[in-house]
Structures are given as structure tokens and as C-alpha cells.
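Subject: Structure handover

Dear colleague,

Here is the structure I promised to pass on. Please open it first, then read my notes below.

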Amino acid sequence: MSRPVQEGELPSGALLELYRVTGGHVDCFVADVPGAVALPDLITAFYSSAAFRPERWLLGAVLGKPADDADVARLAADQTKRFSAWTVEDRRGDEILLCDYQGKTRSWLKVATIPGGTRLHFGSAVVPAKSRTAKAAFTLLLGFHRWYSRTLLREAVRQLDRNWRSAAAR
């Protein structure tokens with residue numbers, strides 16, 4: 001079952017809030033799902049989704065920073081501080097903040113209980129660019145970034161749906 005992904009407000013006190021600075025970029029996308037979803041479930045669904053697998057492959061092939069499903073499981077279980085091109089910058093019971101290997105971007109996931117279910121959050125931060133060329137490149141890629149962010153969260157929701165259906169069939 002596909003659920004809509006919308007651009008939302010970053011929750012007050014979120015780990016990603018630190019990067020809401022002049023000249024930078026912070027976004028937040030949300031999807032509401034029925035039932036309870038724990039952070040490890042979202043991490044697993046997000047980083048093992050069909051939409052994210054090509055990025056995992058690309059990071060391994062181009063940057064030499066591979067990640068497989070076992071790496072996803074370790075990240076979800078809080079057994080590692082490294083995942084492919086990212087390190088865990090901070091983690092709380094309901095959210096995780098990852099920093100890329102260059103320190104220029106952040107990736108953030110959060111779960112929040114809502115009446116009848118869970119609100120899933122996915123956000124990104126890009127630190128302020130120092131050159132005009134970098135600023136222009138980011139501006140040109142912003143539309144793609146928004147589309148890709150929605151796609152990643154939508155596919156994580158689909159993965160969670162598949163996991164629930166599989167568990168219910170057992």
C-alpha cells in the first residue's frame with residue numbers, strides 16, 4: 001500500500017536542526033503509517049529498499065565504501081558507527097543523524113508516534129557551500145534531490161508494508 005510522502009516541518013529539537021544555518025539547506029519529508037514502527041525498523045527498510053540499493057552499489061564501486069544487508073542490520077542494531085560513506089554523528093532512541101565522509105551533508109531518520117500509527121521522517125542537510133560553483137551546482141540539483149528524497153521515503157514505506165504482510169502471513 002503506497003502512502004503519500006510530503007515535505008514537512010523539521011520537528012523542534014530534532015538532531016538535524018543544528019544544520020539549519022544561513023546559506024545551508026535542511027529539508028524534511030514525512031509519511032504517516034499505521035501501527036508502531038521503531039527506529040531500527042525504519043533504518044532497515046530505508047537502507048535496504050529497492051530505491052537505495054543503487055546508491056549503495058555506486059558508493060561501493062566509485063568510492064570504495066560498500067555496504068550490504070549485514071551492514072544495514074548492524075547500523076539498525078546500533079552495533080556500528082560507520083555505514084558506507086557515512087558515520088553516525090548522533091543517535092537517540094527515535095532518530096539517527098549520519099554525516100558523509102567529507103562532512104558536507106547529513107542524512108537523518110526519525111520515527112514519532114502519532115494517533116493510530118507512526119510518522120516517519122527523512123531529512124537532509126547540506127552545509128553552506130563556499131564557492132559560487134558549488135552553490136550553483138546544488139541549486140541545479142535541488143529538484144532532483146527533492147524527488148529522490150520522496151522516492152527513498154516512499155520506498156521505505158513500501159518495504160515496511162512488505163515486511164508487515166510477510167510477518168502477518170507467518
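Helices and strands here are DSSP runs, counted from the N terminus; a helix needs at least four residues and a strand at least two. Read that way along the sequence, the chain follows β-β-α-α-α-β-β-β-β-β-α. That comes to 4 helices and 7 strands. Please keep in mind that this is a predicted model.

**Overall build**

Along the principal axes, the C-alpha atoms fill a box of roughly 55 × 35 × 25 Å. Of the 170 residues, 42% are buried. Take the contacts between residues at least 6 apart in sequence: 61% of them join residues at least 24 apart.

Two hairpins follow one another here. Strand 3 (residues 82-83) pairs with strand 4 (residues 86-92) in the antiparallel sense, over 2 bridges. Their hairpin leaves 2 residues between the strands. Ser84 sits in that turn and has a positive phi of about 50°.

Strand 4 also runs antiparallel to strand 5 (residues 95-100), and 6 bridges join them. Again the two strands form a hairpin with 2 residues between them.

Look at Thr87 in strand 4. Its bridge partner on one side is Arg82. Its bridge partner in strand 5 is Cys99.

**Salt bridges**

The whole structure holds 12 salt bridges.

- Arg150 and Glu7 meet at 3.7 Å, N to O. Arg150 lies in helix 4 (residues 132-169) and Glu7 in strand 1 (residues 6-7), so this pair ties together parts that are 143 residues apart in sequence. Arg150 is partly exposed, at 26% relative accessible area. Glu7 is partly exposed too, at 39%. Arg146 joins them: Glu7, Arg146 and Arg150 form a network of salt bridges.
- Lys110 and Asp94 meet at 2.7 Å, N to O. This pair links distant parts of the chain, 16 residues apart: Lys110 is in strand 6 (residues 105-114), and Asp94 is in the loop between strand 4 and strand 5. Lys110 has a relative accessible area of 10%, so it counts as buried, the cut-off being under 20%. Asp94 is partly exposed, at 28%.
- Lys81 and Asp78 meet at 3.4 Å, N to O. Lys81 is partly exposed, at 49% relative accessibility. Asp78 is partly exposed as well, at 41%.

**A nonpolar patch**

Which residues make the nonpolar surface patch? They are Trp57, Leu58, Val62, Leu63 and Tyr101, and the patch covers about 550 Å². Leu58 belongs to helix 2 (residues 53-63). With a relative accessible area of 45%, Leu58 is partly exposed.

**Where to look**

One is Thr87, with Arg82 as a bridge partner and Cys99 as its partner in strand 5. The other is the network of Glu7, Arg146 and Arg150.

Best regards

Terms used. Residues numbered from 1 in each chain as written. Predicted model: local features only at pLDDT ≥ 70, side-chain atom pairs only at ≥ 80, totals over all residues. Heavy atoms only, no water. Patch = residues over 30% accessible without salt bridge, like charges linked within 9 Å, V, L, I, M, F, W, Y side chains within 5 Å. Areas by Shrake-Rupley, 256 points an atom, 1.4 Å probe, with all protein chains shown as cover. Salt bridge = Lys/Arg side-chain N within 4 Å of Asp/Glu carboxyl O. Buried < 20%, exposed > 50% of the residue type's maximum accessible area, 1.4 Å probe, protein only. Contact = heavy atoms within 4.5 Å. Pairing = 2+ DSSP bridges.
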